[in-house]
Amino acid sequence: MTKLSLSDNEFCSFRDLIAERSGIYFDPAKQESLKDNLLERMAECGLTNFSDYLDLLSSPAGSKEFDFLLDLITVPETYFFRDRAQFNALERLVIPEAIKKKSYPAASLRIWSAGCSTGEEPYTVAMIVAAAKVDIPIQILATDVSNHALEVARQGVYNGRSVRDVPPEYLKRFFSKKGGQYSLDESIKQMVEFRYFNLVSEPYPLVEMSGWDIIFCRNVTIYFQTDATRKVIHNLHQSLREGGYLFAGYSESLRYISDGFKTLQMEGAFFYQKGPPQKTVKRKSRKFGRRLASTTHITGSKRAKAGADSDHQEIQQVHAAAKELLEVGQPEQASEILNPYMKEATVHESLLLLQAEIELNLGDLDKAVELCERIVQGEPLSSAGHYLLGIIFRTRGDEARAIEQFKKVLYLEPKHALARFNLGELYSRVGQFENARLEYANVVRLLEKTPESLDQRFAGGFSQALLIDTCLSKIKALEARAPGTAGGRGDGKKR
Ligand SMILES: C[S@@+](CC[C@H](N)C(=O)[O-])C[C@H]1O[C@@H](n2cnc3c(N)ncnc32)[C@H](O)[C@@H]1O
C-alpha cells in the first residue's frame, strides 16, 4: 500500500475536493502528508487505489467518509489562553461593552467559538465569564468540523501542554490534576455546547447562526485560500449583531478581506467590531476630483471611475518622483513635491509614509512619529506604519517602544524579515541575547524559504544574501559569547 504513488492529477483532484468542502487548501509542498492521510483512510475502507477512494468521497454516501478524512487533515493545535492579550480585551472591554447594549434581563450574551478544535478556546471564554461573575445569561457555542476534536472537547481532560498558559488562579480554581492530566470542572464544561458545523457550507442557518455578540474564529482560515476566507468572514459578518465583535487569529488580518469591520486595539491585541471601517488615510482627495472634473468631459459613473483611476495614477506618479529624489539624497526636494498633498484633509497612506521617511532622513524625528501615528490611527493594520515607527524609536534609542512596534508588525506579518532583523538588533542591545539569536535565525530561515519576505521598500541596500550573511555572523558572535551570556538566559539586562 505505501508504495502507491499519488499522481499530480490525483493530488489536484483531492486538493480541489477538500478545498471546496472544507476550505482547507493543500499546497504542493504538502502532497506527501496528504498522501499519508489518504492511505490511512483507504486502508480503513479496504481500498487499494486513489481513484476508488476519490469516487467514494464524491459519491452521495461519501460525506461520512469525508468527515473521517477531515479528522486526519485538520490541524488541531490550540491551548488555553492562546494569545492572552485578546482574552484580556475580551474580559475588560468586549464583554462589558456587549452587556451594556443588552436589554437586560431578557437578552443573553451569545458567544460563538468557530473552529474550536479540542475546546481550549471556548472553555477559556467560559472560565473568564465565570470568574467575572457576569449577571446575565450566557450562551457559548463551540463548533468544528473535526468530530474527533469535538469528542476530546466534550471530555474536558487536558495535558500539561494545553494548560501551560493558564493563570495559576484559574488552574487552581477550575481544574483538578490527576496523574499529569488536568480535568476541567463540571461547572465550566456545562457552560459550553459543542456542535459539528462546517464554516464553508452555505447558507448558514440564520435562525441559530445569527445575532451573535462575539465570535472567535482564530487560526482557522490560515489554512484557506483568500476566496474561501472572504466567504467565511462574510458569513461571520452576517452572523454578528450590529456592533458585535470578531476575534481573528494572529496573522489573520482582515485587511484586504473585508471592509465591514472596524479594527480595534487594546494593549497589544487586535480585534474587530462589525460596523463601517474607520478609514482616515486612504480616502480620495476632493482636490483630485475637482481637478479632474475641470479638465475632462466625461459624466456620471464613468467620471467617478475615471476620477478614482486618475487619482490613483497621480498618487503613484507623485510617490515615484519623491521617492527617487529621496534615494538620490535630496530629501528637501522630495518633501517639496509632497508638500501640497500633505495639506489635504485626507492623505494617501503611501504619501504619508514617504513623508515620514523624509522627516526621518532630515532628522525631524518628532514630525516623523506624528506622521506615522496619523497612519496607524487611520489604519491600525498598517504594518508599514508600525515598521517605520519602530525604526524611528530605534533611532531615538527608545528600545522598549521600538520592540513594541516591531512586535506589532510581526503580529500583522509574521514573515516580515526586516522586523525580525530589527528585533534581533534591539534584543542584542538590551542584553536579551537568546531572543536576539532566535530572531536572527528566523531571518535566515525566512529569507532562505521565502526571499519575498524581504520588504524592498525598507531593505535600504540590504540584499537577501547580504542580510543572511550578516545574520549568520551575528549568530556566530552571539554563540561565541561566554557561557551564560551566549545563547544564554535572555535576562533583559543591559551589559
Ligand atoms: C488550529 S485550530 C484552531 C483552534 C482555536 N480556534 C485556536 O485558535 O486555538 C483550527 C481548527 O479549525 C477547524 N476547521 C478547519 N476547517 C474548518 C471548517 N471548514 N469549518 C469549521 N472548522 C474548521 C479545524 O478542525 C481545527 O480544529
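Trainee: Where does Tyr123 lie?

Mentor: Tyr123 sits in helix α6, which covers residues 120-132. Helices here are DSSP runs of H or I with at least four residues, strands are E runs of at least two, and both are numbered from the N terminus. Keep in mind that this is a predicted model, where local features need pLDDT of at least 70, side-chain atom pairs count only at pLDDT 80 or more, and totals for chains, interfaces and linings use all residues. Residues are numbered from 1 along each chain as its sequence is written, and side-chain values use heavy atoms, with hydrogens and water left out.

Trainee: Why does Tyr123 count as buried?

Mentor: Buried means under 20% relative accessible area, exposed means over 50%, and partly exposed is in between, with a 1.4 Å probe and protein chains only. Tyr123 has 1% relative accessibility, so it counts as buried.

Trainee: Which residues does Tyr123 touch, not counting those up to four places away in sequence?

Mentor: A contact means heavy atoms within 4.5 Å. Leaving out residues up to four places away in sequence, Tyr123 touches a list that includes Phe80, Arg154, Tyr158, Leu184, Val192 and Phe194. Take Val192: Tyr123 and Val192 are 69 residues apart in sequence, yet 7.0 Å apart in space, C-alpha to C-alpha.

Trainee: Which residues stand opposite each other?

Mentor: Tyr158 faces Tyr182 in β5, Ser176 has Ser183 as its bridge partner, and Lys178 is opposite Gln181. The hairpin of β4 and β5 has two residues between the strands, and there Gly179 takes a positive phi near 50 degrees.

Trainee: Why is strand β1 described as largely enclosed?

Mentor: Six of the six residues of β1 (residues 109-114) are buried, so the rest of the structure largely encloses it. Both its faces are covered: Leu109, Ile111 and Ser113 are buried on one side, and Arg110, Trp112 and Ala114 on the other. β1 also runs parallel to β2 (residues 138-144), joined by six bridges, with Ile111 opposite Ile140.

Trainee: What is the order of the open sheet of seven strands?

Mentor: It goes β6-β2-β1-β7-β8-β10-β9, with mixed pairing. β6 (192-196) and β9 (261-266) are the edge strands, as each pairs on one side only.

Trainee: How do you know that the span of helix α13 agrees with its twelve residues?

Mentor: The expected span is 1.5 Å times one less than the number of residues. For the twelve residues of α13 (331-342) that should be 16 Å, and the end C-alpha atoms are 15 Å apart, which agrees. In α13, Pro331, Ala334, Ser335, Leu338, Tyr341 and Met342 are buried. They cover an arc of only 105 degrees around the axis, which puts them on the same side of α13; the arc is that of the directions from the helix axis to the C-beta atoms.

Trainee: What is the mean pLDDT of the chain?

Mentor: pLDDT is the predictor's confidence in each residue, from 0 to 100. The chain's mean is 86, and 87% of its residues reach 70 or more. Over residues 279-304, though, the pLDDT is below 50, and this stretch has 40 contacts in the model beyond near neighbours in sequence. Residues 485-495 also stay under 50.

Trainee: And how many helices and strands does the chain have?

Mentor: There are 20 helices and ten strands, and buried residues make up 51% of the 495 residues.

Terms used:
Pairing = 2+ DSSP bridges.
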